[in-house]
Amino acid sequence: MADRTLNVMCICGSPRRGSYNRMVMNALPGLAPAGMNITEAPPFSEFPLYNADVQEASGFPPPVQRLADAVRAADGVIFNSPEYNFSIPGGLKNAIDWVSRVPNQPFAGKPVALQSAANGTLGGGRMQYDLRRAMIFLDAMTLNKPEIFIGNCSTRIDAKTGEITDQQTVGFIRQQLAAFAKFIVQHGPGS
Ligand SMILES: Cc1cc2nc3c(=O)[nH]c(=O)nc-3n(C[C@H](O)[C@H](O)[C@H](O)COP(=O)(O)O)c2cc1C
């Protein structure tokens, strides 16, 4: 395993108070392997709608620069996102679009892992394949397996406490985080 701490940053795709994806994200530090430090990314809630005219007139808004810098500094990035209408939530896609235009775009070569919780039975799988595609364009290094699709999430996560009650799901997440640690060491910058 790594001979240094791996700093992993999570980007939550749901702005909702009481978001199941945020609950999963909040559970990750307790499920991470030794040596992996997991924190939340700076928010993208203040990002304007992407418009190249805005970028050209006034540069990158400070919250965009903050998220871009945080992605660049992280050893790895985990997306915790719901699926909206079979795809990436618009706010998250807008955030990725902004960050992707920052010079020396920070997803290039970045180890990325995907997790989704959704009320549908597929658990956000269609969103993940679209997100994976966006990460391909950005030359990110996206972990293939294990995949985390938490379907029927309201039956697997306690909305009151935020606890992931389904132990099989907990086990899959532990396995993915352990695989992600190895992946970062093998494929991340400086490996
Ligand atoms: C605009 C919108 C679109 C949605 N589309 C899907 C969908 O395509 N597939 C799915 O499984 N659930 C869909 N849902 C239901 C979400 O899975 C559910 O609201 C989930 O709790 C959202 O994640 P969150 O709890 O992290 O906010 C949709 C919800 C919204 C608000």
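A polar contact is taken here as a pair of N or O atoms within 3.5 Å; within protein, one atom must be able to donate a hydrogen and the other to accept it, and residues adjacent in sequence count only if both atoms are side-chain atoms. The model is predicted, local features requiring pLDDT of at least 70 and side-chain atom pairs pLDDT 80 or more, whereas totals for chains, interfaces and linings use all residues. Residues are numbered from 1 along each chain as its sequence is written, and side-chain values use heavy atoms, with hydrogens and water left out.

Ligand oxygen atoms lie 2.7 Å from an N or O atom in the side chain of Arg16, 2.9 Å from a polar backbone atom of Tyr20 and 3.1 Å from a polar backbone atom of Gly120. The protein buries 73% of the 620 Å² that the ligand exposes when taken alone (Shrake-Rupley method, 1.4 Å probe).

Tyr20 also belongs to helix 1 (residues 20-27), where Tyr20, Asn21, Met23, Val24 and Met25 are buried (under 20% relative accessible area, 1.4 Å probe, protein chains only); helices are DSSP runs of H or I with at least four residues, and strands are runs of E with at least two, numbered from the N terminus.

Asp75, placed in the loop between helix 3 (62-73) and strand 3, is buried, with a relative accessible area of 15%. The side chain of Asp75 makes a polar contact with that of Arg4 at 3.1 Å.

How values were computed: Buried < 20%, exposed > 50% of the residue type's maximum accessible area, 1.4 Å probe, protein only.
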